[in-house]
Protein chains: 2
Amino acid sequence: MSQIEVNRRLLSENDLAAAFLREKFGREGTLVPNLISSPGSGKTTLLEATVAAMSGTYRLAAIEGDIATERDADRLRRLGIPARQIITGGACHLDARLVRAELERGGLEADILFVENVGNLVCPTSYDLGEDFKVVLLSVTEGDDKPFKYPGIFSRAAAAIITKIDLLPYVDFDVEVVRAQVNTLSPDGRFLLTSARTGEGVDEWCRLLAEKLNAKRKAADRADAPGN
Amino acid sequence: MSQIEVNRRLLSENDLAAAFLREKFGREGTLVPNLISSPGSGKTTLLEATVAAMSGTYRLAAIEGDIATERDADRLRRLGIPARQIITGGACHLDARLVRAELERGGLEADILFVENVGNLVCPTSYDLGEDFKVVLLSVTEGDDKPFKYPGIFSRAAAAIITKIDLLPYVDFDVEVVRAQVNTLSPDGRFLLTSARTGEGVDEWCRLLAEKLNAKRKAADRADAPGN
């Protein structure tokens, strides 16, 4: 079996589990964003800020992918939401079968279920987890050449979130250069500037989540209406 | 064929090419560090500073791994050293067969051949490229929890280089917390603090390279001596 054939087969097993998850999330009205970035771009920190802003209004839960530790799930549990760590034991991405197994343990019922992928700007891009949309995070300290260097995720993400903008005065990072690359790769994508430290942009991100959740539920209501 | 069996077979094809490269680098007296980090940790920037400091004394060359662009090789060629980009077209790591094919095109003969891997703290760890040693870079903006979260690379790297220490005043990053994790994972590894912007620590890194090159050549001379 060639490497390509094997990758195809693994992806297709993943896609079966992803289809199962997408149906389940649709039926339960759960919005699922899949957060992808390099290690240290601020995924967990953004989620902490999101939980602080939204957990009074929405039921939130999280699945955290990590190579080797429980640290990220611990951080979110401390804020009072159910969070489950999937430790991949070396694997470079979450796959849908792992997510499915975790959901079957129960306790993650929510309006919004955040999936925080393993810190990796490459591999998680190819794995459908049944999510509603992918979100890519890029911190201003990583350099403004990254979207064109990692076009896979930047072209697939429905939202690109620039993080740590409080550090802009100290680094060479031209926001407009990045915005232009992201617009080229994902013309319909959203582009957000955030700092979890100052709180800037977090409200816009939370509004985006609320809009996506409402749109998903309205679409489901229309599908359920008599005559459909 | 199971995923594990396939991974084994792919690794073993890689290992054959890596053995070929290691023999070649040994015969030619070329030192080969394999630089691994997240996207944007400063691999290319460190190499630029290294070339500026060492190219008067040593013949330097570089192989740059990237998903989709020639940018990094361009940056090094501008400094006057031969640099070749391997564009993986989506693959998340360099493998030894790609490096071997690039060397067979010629023009990369050097005292030190830097291999800059694809920006990814996970996958490149498992692929032997025939290098003398792996180097992991971690920028202070990525957070001080990373060695224990990515133990594979931090336990295998002969040197851990903390980059962008000029940004320490603006981020929460406890150097001693990181040093302790690195020492646990790699008790014999070197731990360097650097800033390519201020130049701090670059001399120590260059001394480390010169020591490793001398040690490799002395060991080769002893092996060639009569009686051996």
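1. A salt bridge is taken here as a side-chain nitrogen of Lys or Arg within 4 Å of a carboxyl oxygen of Asp or Glu. On that criterion, 7 salt bridges are counted between chain A and chain B. One of them joins A:Asp66 to B:Lys149, with 3.8 Å between the closest N and O atoms.

2. The model is predicted: local features need pLDDT of at least 70, side-chain atom pairs count only at pLDDT 80 or more, and totals for chains, interfaces and linings use all residues. Residues are numbered from 1 along each chain as its sequence is written, chains are lettered from A in the order in which they are written, and side-chain values use heavy atoms, with hydrogens and water left out.

3. Chain A superposes on chain B by a rotation of 180 degrees with 0.0 Å of shift along its axis, at an RMSD of 0.0 Å (least squares on the C-alpha atoms of residues with pLDDT of at least 70 in both). This is the relation of a two-fold axis.

4. Contact (heavy atoms within 4.5 Å) involves 35 residues of chain A and 34 residues of chain B. Of the interface residues of chain A, 97% are also interface residues in chain B, so the copies meet through the same surface.

5. The two chains bury about 3000 Å² between them, 57% of it on carbon and sulfur atoms. Buried area is the accessible area (1.4 Å probe) that two parts lose on being put together, summed over both. In chain A, the residues losing the most area to chain B are A:Pro39, A:Lys149 and A:Tyr170, together 20% of what that side buries.

6. Between chain A and chain B, 12 residue pairs are in polar contact, both residues at pLDDT 80 or more. A polar contact is a pair of N or O atoms within 3.5 Å; within protein, one must be able to donate a hydrogen and the other to accept it, and residues adjacent in sequence count only if both atoms are side-chain atoms.

7. Within chain B, B:Ser186 lies in the loop between helix H7 (175-185) and strand S7 (190-193) (DSSP runs: helices H or I, at least four residues; strands E, at least two). B:Ser186 is buried, at 8% relative accessible area (buried is under 20%, exposed over 50%, partly exposed in between; 1.4 Å probe, protein chains only). Its side chain reaches the backbone oxygen of B:Ala157 at 3.4 Å. Leaving aside neighbours within four places in sequence, B:Ser186 is in contact with B:Phe154, B:Ser155 and B:Ala157.

8. B:Gly152 lies in helix H6 (residues 151-156) of chain B and counts as partly exposed, at 26% relative accessibility. B:Gly152 and B:Leu185 are 33 residues apart in sequence and 8.8 Å apart in space, C-alpha to C-alpha.
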